[in-house]
Amino acid sequence: MRRTMIVICLILTQGTALAAPATYVLEPENSTVGFETDFGTDKITGRMPVSRADLTLDFDKVAASKISVDLNVAGAEASFLFAAQALKGPKVLDAATYPTMSFQSTRVRAVADGAEVQGVLTIRGIAKPVTMQAEIFRQKGYLDGDLSHLTIRLRGAVNRSDFGATGWSDMVGDQVRLDILARIARVD
Amino acid sequence: MVWRNSATGYGAISRILHWSMMVLIVGMLILGTKIADMQPSLANLYLYGVHKTAGFGVLLLTLIRVVWHRISPPPPPIGVPRALTNRLARLVHGLIYLCLIAIPISGWIASSATGLDVLLFDRIPLPAIAPVSEMWERGGFLAHGLLTKALMALLAAHILGAMLRGIKQDGTTERMIGG
């Protein structure tokens with residue numbers, strides 16, 4: 001699918017004059033927050049639904065772009081039943097007490113192959129700075145230069161112990177790799 | 001075939017319960033020891049389910065055996081009832097029964113306290129019997145491990161006693177095998 005998309009991150013780095021900051025809304029049914037961590041020699045993978053996303057993208061002045069996302073922890077799914085239960089249970093994300101995870105960008109800057117998004121990730125009520133790598137694509141089926149429907153891919157990693165999510169540390173790795181695919185539509 | 005126990009011998013039901021439980025318990029001790037030492041992965045995760053299912057089976061068979069012995073009391077021990085060996089045997093048997101009830105229940109408590117479902121045959125959920133709590137989890141698993149070690153010692157004493165009676169050929173071993 002990526003082959004069919006034009007990498008709009010080029011726009012970010014080439015400084016092409018485009019429209020002023022534009023507000024986008026999430027297409028939740030086409031968006032996923034994927035995660036992966038180590039489980040012995042295997043991997044646990046899963047997804048978490050996005051419950052809210054506020055996105056302002058400024059292709060002229062990248063630093064003016066803002067991303068704010070809430071994730072529904074209780075709706076998390078994992079590659080097998082016990083992993084999903086453990087993930088949402090009190091020893092890891094504690095969905096009953098902290099039903100939402102959130103990310104709020106603090107700085108967005110263009111880099112050679114896309115953008116770097118710095119922000120604050122809040123898990124279990126604990127806020128920590130994180131840096132995600134971003135790529136932006138035009139969605140399949142839309143013409144060149146049409147920025148009305150975009151796909152943002154954010155990738156990064158966090159150590160769950162930084163957020164107090166220390167359960168099953170003897171079995172499950174500390175580093176959680178995030179791969180967020182958000183499909184967004186411009187509010188005209 | 002005589003199903004019920006008599007004044008001098010064990011009926012088929014008691015013998016089937018005894019030997020089937022022996023196989024299950026020995027299997028569980030081997031499996032439990034393996035699980036305690038293994039690095040979990042997707043390839044061996046099913047062993048936890050097998051352990052929980054078989055553990056519940058041990059609990060169920062023990063309760064059935066206790067009830068059955070109320071319905072059809074086992075024969076008294078061979079020899080003088082108040083002899084030291086018979087009193088020791090009665091004590092060991094009683095403690096084994098206690099362990100066979102307490103070990104699965106402590107495992108059930110500890111598993112419930114982790115917040116994960118306790119599933120039989122990977123499908124049938126058992127109700128949680130403890131709050132989701134690290135204290136209950138640690139206490140439950142500690143008791144589970146200590147009681148299992150106690151059971152191993154009691155089973156060793158039980159087997160030693162059975163072997164001594166076998167050497168003496170007093171008929172105890174024969175009536176548990178052939179009735």
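**Which residues have the most contacts inside the largest nonpolar core?**

## The core of the model

They are A:Leu71, A:Leu87, A:Val117, A:Ala134 and A:Ile152, and the core they belong to has 46 residues. A nonpolar core here is a set of buried Ala, Val, Leu, Ile, Met, Phe, Trp, Tyr and Cys residues joined through C-beta atoms within 7 Å. A residue is buried if 20 or more other C-beta atoms lie within 10 Å of its own, exposed if 12 or fewer, and partly exposed in between, with C-beta atoms placed from the backbone. A second, separate core has six residues, including B:Cys99, B:Ile103, B:Leu147 and B:Leu154. In soluble globular proteins, nonpolar side chains tend to be buried together.

Leaving aside residues up to four places away in sequence, A:Leu71 touches A:Val33, A:Met48, A:Pro49, A:Val50, A:Ser51, A:Thr100 and A:Met101. Touching, or being in contact, means that the C-beta atoms of two residues, placed from the backbone, lie within 7 Å.

## How to read this model

This is a predicted model, in which local features need pLDDT of at least 70 and side-chain atom pairs count only at pLDDT 80 or more, while totals for chains, interfaces and linings use all residues. Residues are numbered from 1 along each chain as its sequence is written, and chains are lettered from A and ligands numbered from 1 in the order in which they are written.

## Chain A

Chain A has two helices and 11 strands, in the order α-β-β-β-β-β-β-α-β-β-β-β-β along the sequence. Helices (H or I, at least four residues) and strands (E, at least two) are DSSP runs, numbered from the N terminus. Of its 188 residues, 31% count as buried. In helix α2 (residues 81-88) of chain A, the buried residues include A:Leu87, along with A:Ala83, A:Ala86 and A:Lys88. Their cover includes β3 (42-48) and β6 (77-78) of chain A.

Strand β1 (residues 22-26) of chain A has two antiparallel partners to look for. Four bridges join β1(A) to strand β4 (residues 50-57) of chain A, where A:Thr23 stands opposite A:Thr56. Three bridges join β1(A) to strand β11 (residues 175-186) of chain A, and there A:Leu26 has A:Ile184 as its bridge partner. Strands pair if DSSP finds at least two bridges between them.

## Chain B

Chain B has five helices and two strands, running α-α-α-β-β-α-α from the N terminus on. Its C-alpha atoms fill a box of roughly 50 × 30 × 30 Å along the principal axes. Of the 179 residues of chain B, 18% count as buried.

Helix α2 (residues 46-71) of chain B and helix α3 (residues 84-114) of chain B have axes that come within 9 Å and cross at roughly 140°. Axes are lines fitted to C-alpha atoms, for helices over the stretch in contact, and angles run from 0 to 180 degrees between N-to-C directions. The contact includes B:Phe56 and B:Leu59 of α2(B) and B:Leu100 and B:Ile101 of α3(B). Elsewhere, helix α4 (residues 134-168) of chain B holds B:Leu142. B:Leu142 is exposed because 12 other C-beta atoms lie within 10 Å.

## Where the chains meet

Eight residues of chain B are in contact with 11 residues of chain A. On the chain B side, four are nonpolar, three polar and one charged. Ala, Val, Leu, Ile, Met, Phe, Trp, Tyr, Cys and Pro count as nonpolar, Asp, Glu, Lys and Arg as charged, and the others, Gly among them, as polar.
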